[in-house]
Amino acid sequence: AVRAKQGWLAREFGLDGFIYHHYWSDGHPILNGALDGLLRDDQPDIPFLLGWVNGHWINTWQGSQGIFRRKPNAILMKQTYVNIDGHLRWLLPFFKHRNYLRIDGRPVLLVHATSVAVTAILRRFQDGVRRHGLPGLYILNKVGVKHYLRPYPKAFVGWPPLIVYPSPASESMVRGRVPFPL
């Protein structure tokens with residue numbers, strides 16, 4: 001009921017959809033109750049995409065209070081990249097959901113942080129979604145992080161995610177000059 005009301009309010013106030021953070025570490029999803037609920041009951045009934053928040057959880061949002069006062073930027077939960085195939089299996093029902101945002105038929109995935117390891121994972125995801133009948137992923141990257149993705153992502157997203165900036169490479173792609181295996 002709450003998620004249905006959130007969708008109604010979003011539409012009422014002119015929002016086009018939601019970006020849901022999703023977390024995957026130590027081989028399983030974390031804080032995934034609302035997303036699992038969306039798959040169960042299709043609520044909220046509004047377009048959405050997933051943003052993979054793939055960095056260490058550090059205490060910067062905890063401020064300088066309590067136990068973290070003496071440990072600035074302490075890692076609360078380390079980001080690990082294990083069970084990649086399980087991660088893709090968990091993502092596929094979202095990518096195939098009727099409300100999942102697609103560009104040219106490709107599910108859009110926002111990736112917060114990139115690295116050589118993440119690039120390899122995204123290539124596995126691309127191969128995996130194609131094996132499951134999808135034409136590949138349309139990958140976005142957050143503005144302001146060091147970009148390891150080669151080739152570059154299709155576009156960069158401002159933070160907070162209010163504006164999407166095409167990457168120079170995506171501009172070339174629009175003109176049909178740059179093939180993207182990612």
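## Helix faces and a nonpolar core

On the face of helix H1 turned away from its buried side, you'll find the exposed residues Val 2, Lys 5 and Glu 12. Here, buried means under 20% relative accessible area, exposed means over 50%, and partly exposed is in between (1.4 Å probe, protein chains only). Keep in mind that this is a predicted model, where local features need pLDDT of at least 70 and side-chain atom pairs count only at pLDDT 80 or more, while totals for chains, interfaces and linings use all residues. Residues are numbered from 1 along each chain as its sequence is written, and side-chain values use heavy atoms, with hydrogens and water left out.

**The chain as a whole**

- The chain has five helices and ten strands; these are DSSP runs numbered from the N terminus, with helices (H or I) of at least four residues and strands (E) of at least two.
- Of the 182 residues in the chain, 44% are buried.
- Take the contacts (heavy atoms within 4.5 Å) between residues at least 6 apart in sequence: 66% of them join residues at least 24 apart.

**Helix H1**

- H1 covers residues 2-12, and its buried residues are Arg 3, Gly 7 and Ala 10.
- Those residues span an arc of only 65° around the axis, so they sit on the same side of H1; the arc is that of the directions from the helix axis to the C-beta atoms.
- Strand E1 (18-25) and helix H2 (33-41) are among the elements covering the buried residues of H1.

**Helix H2**

- In H2, the buried residues are Leu 35, Gly 37 and Leu 38.
- Look down the axis of H2 and its buried residues fall within an arc of 155°, so they line one face of the helix.
- They pack against H1, E1, E3 and H3, while the face of H2 turned away from its buried side carries the exposed residues Gly 33 and Arg 40.
- Asp 42 follows H2 and has a positive phi, near 60°.

**The nonpolar core**

- A nonpolar core is a set of buried Ala, Val, Leu, Ile, Met, Phe, Trp, Tyr and Cys residues joined through side-chain atoms within 4.5 Å.
- The largest one has 33 residues, and Leu 50, Trp 52, Phe 95, Leu 109, Leu 122 and Phe 125 have the most contacts inside it.
- H3 gives the most to this core, with seven residues.
- Leaving out residues up to four places away in sequence, Trp 52 touches residues including His 22, Tyr 81, Leu 109 and Phe 125.

**H3 against H4**

- H3 and H4 pack at an angle of about 50°, and their axes are 10 Å apart.
- That makes H3 oblique to H4; angles under 35 degrees count as roughly parallel, over 145 as roughly antiparallel, 65 to 115 as roughly perpendicular and the rest as oblique.
- Axes are lines fitted to C-alpha atoms, for helices over the stretch in contact, and angles run from 0 to 180 degrees between N-to-C directions.
- Where they meet, H3 brings residues including Leu 88 and Phe 95, and H4 brings residues including Ile 121 and Phe 125.

**A buried loop residue**

- Asn 54 is in the loop between strand E3 (48-52) and strand E4 (57-58).
- Asn 54 is buried, with a relative accessible area of 3%.
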